[in-house]
Amino acid sequence: MLLGITVLVSIIFFLPSTPVYNKLPDWWKKYMPSRGVTLGLDLQGGIHMVLEVEEEKAVENLVERTATSIKEYLDSEKIPVQSVKRTGSAELTVTVPDAEKKADVEKKIEANFPNFVPKESSGPDLVFSLREGEVIRIKDSATTQALETIRNRIDQFGVAEPLIQRQAARQIVIQLPGVKDSKRAKELIGKTALLEFKLLDEDSPLARTLPLSITPSNEETFTAEYGSKVPEGDEILFERIVDKQSDEVRKRPYLVKKRTIMTGDVLTDARVNIGQFNEPYVSIRMNGTGAQLFERITAQNIKKRLAIVLDNNVYSAPVIQDRITGGNAQITGSFTTQEANDLAIVLRAGALPAPVRTLQDLTVGPSLGQDSIRMGIRATILAGILVILFMVIYYRMAGVIADMALIINLIVLIGALAALSATLTLPGIAGIILTIGMGVDSNVLIFERIREEIRQGKPVRLAVDGGYDKAFLTIVDSHVTTLITALVLFLFGTGPIKGFAVSLSLGIAINLFTALVGTKVVFDFINSRWKLKRLSI
Amino acid sequence: MLEILGKTNIDFISKRNYAFLVSGVLILLGLITLVQVGRGRANLGIDFAGGTAVQLKFEQPIRIDDARSLLSDNGFPDAELQEFTNGNKLLIRVKQKNTIQEDVANRIVQTFEKGFSQNRFVVDSSTEIGPTIGQELQKKAVIAIVFSMIGIILYIAVRFEFRFGIAAAIATFHDVLAVLGVLYLLDKEITLLIVTALLTLAGYSLTDTVVVFDRIRENLKYRRRETLEQVINSGINQVLSRTIVVSLTVVLVLIALFFFGGEVIHDFSFALLVGVIVGTYSSIFVASPILVLWKGSRGKLLKRA
């Protein structure tokens, strides 16, 4: 009775995974479970990635930015300092040539930048370091923020049931089932997307001698030739140019000022538009502060060139024609509509607080997944048939009972997997198949014991009871030991292994139940109905 | 009543010296493998060693030599190639620690797009694993093995007696080491899946040992006049047909997996296949003889059982 209900419930849970489900009436779909068995990434295809947030970079970025603000602040206070530079991962050095002003500078910085504490002072140098607690807070929030940003991006990209999770202190696990264009998805996730506006240095004599463009393979010789000539406070950044006809990629060097005058965190929106020559571009809108800042910058730099830089790549460097009010701007460059689309997504979702490093990347194409399912089902059926045949040949009627138990096992197991919304992976299928093999173990133990009892000349009823009684402890012991390994696998396993552990431990538990309760009931029923003189075993 | 074996009375225990010799060789082989793994000389899969694996499915058959020369011309002289003839599949592995930064997977795909432009293909799967993850997985695998061993020894020590637990653990270790050694000899790749297979077979071999021990324990209660050797021998003989029947069904199942389970679990089922054979052998020839060597007192066991 209990068994019947269990089987029925299992079938109900399992139904959504079968073709039959689509033919069922609507009321069934409404009130009954509809999930079925969740397929793992290896079976339905998709991406599994582990990223690590380079938290130190977030700290370095903050120190770098603060150094710039300190310099600006001291300039505005008319205190001459030679330089403010980041000199360690969480340290910056202010060089004050005028020894008398040093104490004053130190006091002013302490008052206005409370996160930094004076560390040491030697010669003209004043060294400040970021507070310990602040370093920890920044590092921690870097991963949290990166997680949020990546989630935003994926939501906008549109993936059904993505999994985005923090793992350990600084790792992020991302699972995107069913994603086909893995390259695009990876670029979308991994891009730092730090948007910066920087002015070109057009006064330096170097700017005029730079070549118009170079091939990517020539980059090393280029850096060797020009790298040392770059003036202090400047850097060379490249624009990627793709020739529409030949698809050839070239890089155009720009001499830009290192100082970032504005970043992308003032953006409120980014949209793709199509220009008059049918080329896509991204128009961005800034918030109030951003718009004001942008207006001031453009007003001060008319006729100068402003580089729009994303992750250290120049997208365009237009000449500022006039003061720009309203906080609207455009990013043009040689990209396709899809690239423009993705750029708009990352700009809307915001920049990552620090770059991320890929630690692990598993991509399974949909065709492999289907192959695996087909093979898995084929192997399961074949294994099932082999075992069923073997049991019937070896144990006759008792074998048939054992086979019934086996089939019930399988149904309940798959039902349980669906009910617990466990994920079925390829190793999980292997685990199911293995339970078929190990599942007969308890029956074999019992049957061998019953045979022994019969050999001693006991009547059928006593022999069956004796067989079950004596095999009981052995079955419990052997199942528990296997369960221990399966449990450990579950606790320490990752991804596919976990799937294996789940189906194996469930299989063992269910098997224990059917072997000790299920088959005994059948034996007793047959016995009480026909009063067997001889048992077919 | 169909029987593979009738009532048997084989003297297993007297053959223990041969068994110890065979097992000694197997264990030694396993230990050598462990040392090689530690030295980084064994054939570790990319999930432990770090690296990149790309599996491509072509429309037309390809010659593996062409693929190899194409790869070595394009900067991958160390790529390992493996062909799966059903479905024109090619597996390319590059085992280097920093493949993930260098975007090796993408570069391999591009290389084939250019080199085999007439033969179209799809990327079946691509796996890139950085060195930190590899080390983490290695650590986790070791922890998993250690914890399951401790758990099992404890359980058997509680249910039986301490020496039974130790004997079972030794037999299980023996099996894991033996299979590891065989895999090493055949130059099979040791992947996360293989470790799973090893743990599964540890579970299986234990089940097997527990069944034999259970019968020995029972016999110890009722046959107090016989010598320990006799008791153990008859215990093994009594469960022998069960042992054979179960091993046979599991082997049947594994054969189905081995031939029809697809390339992903091919080595997995192979490891288990070897494991079942070794596991059956060890519960008879390794675990039980240890009980003879390490006698312990009968009285204690009787009270606990």
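Domain bounds here come from an automatic or database domain assignment. On that basis chain B is divided into domain 1, covering 13-43 + 133-304, and domain 2, covering 51-129, and 39 Å separate the centres of domain 1 of chain B and domain 2 of chain B, taken over C-alpha atoms. The whole structure is a predicted model, with scores of ipTM 0.79 and pTM 0.73.

**Chain B**

The secondary structure of chain B comes to 10 helices and 4 strands, and from the N terminus on these elements run in the order α-α-β-α-β-β-α-β-α-α-α-α-α-α.

| Property | Chain A | Chain B |
|---|---|---|
| Secondary structure | 15 helices and 19 strands | 10 helices and 4 strands |
| C-alpha box along the principal axes | roughly 110 × 60 × 50 Å | about 80 × 45 × 30 Å |
| Buried residues | 41% of the 537 residues | 47% of the 305 residues |
| Contacts at least 6 apart that join residues at least 24 apart | 70% | 79% |

Confidence in chain B averages a pLDDT of 82, and 92% of its residues score at least 70. Among the elements of chain B, helix H6 (residues 162-185) of chain B has the highest mean pLDDT, 89, whereas helix H10 (residues 298-304) of chain B has the lowest, 46. Over residues 299-305 of chain B the pLDDT stays under 50, and for this stretch the model has 9 contacts beyond four places in sequence.

Within chain B, Pro77(B) lies in the loop between helix H3 (64-73) and strand S2 (80-84) of chain B. Pro77(B) counts as exposed, because it has 10 C-beta neighbours inside 10 Å, and the cut-off for an exposed residue is 12 or fewer. Pro77(B) and Val94(B) are 17 residues apart in sequence, and their C-alpha atoms are 9.2 Å apart in space.

**Chain A**

Chain A comes to 15 helices and 19 strands. Its radius of gyration is 35 Å, well over the 24 Å that the globule rule gives for 537 residues, so chain A is more spread out than a compact globule. The chain is divided into domain 1 (2-43 + 366-530), domain 2 (56-134) and domain 3 (191-363), and the C-alpha centres of domain 1 of chain A and domain 2 of chain A lie 69 Å apart.

Helix H4 (residues 55-76) of chain A has 22 residues and reaches 32 Å from its first C-alpha to its last, which is close to the 32 Å expected at 1.5 Å a residue. The buried residues of H4(A) include Val59(A), Leu62(A), Val63(A), Thr66(A), Ala67(A), Ile70(A) and Leu74(A). An α-helix has 3.6 residues a turn, so residues three or four places apart point the same way. Just after H4(A), Lys78(A) takes a positive phi of about 60°.

Two further residues of chain A also call for a look at their backbone angles. Most residues other than glycine have a negative phi. Asn278(A), although it is not a glycine, has a positive phi of about 70°, and its place is in the loop between strand S13 (267-274) and strand S14 (280-286) of chain A. Asn278(A) is exposed, because 7 other C-beta atoms lie within 10 Å. Asp311(A) has a phi near 50°, again a positive value in a residue other than glycine, and it is placed in the loop between strand S15 (306-310) and strand S16 (313-316) of chain A. With 14 other C-beta atoms within 10 Å, Asp311(A) is partly exposed.

**Where the chains meet**

The contact between the chains takes 55 residues from chain A and 53 residues from chain B. On the side of chain A that touches chain B, the elements that give two or more residues are strand S18 (356-364), helix H12 (366-419), helix H13 (426-455), helix H14 (460-492) and helix H15 (495-530) of chain A. The largest share of that side, 15 residues, comes from H12(A). By residue class, the side of chain A that touches chain B divides into 34 nonpolar, 13 polar and 8 charged residues.

How values were computed:
Residues numbered from 1 in each chain as written. Chains lettered and ligands numbered in written order. Predicted model: local features only at pLDDT ≥ 70, side-chain atom pairs only at ≥ 80, totals over all residues. pLDDT = per-residue confidence, 0-100. Contact = placed C-beta atoms within 7 Å. Expected span 1.5 Å × (residues − 1). Buried ≥ 20, exposed ≤ 12 C-beta atoms within 10 Å, placed from the backbone. Rg over C-alpha atoms; globule rule 2.2 N^0.38 Å. Nonpolar A, V, L, I, M, F, W, Y, C, P; charged D, E, K, R; others polar.
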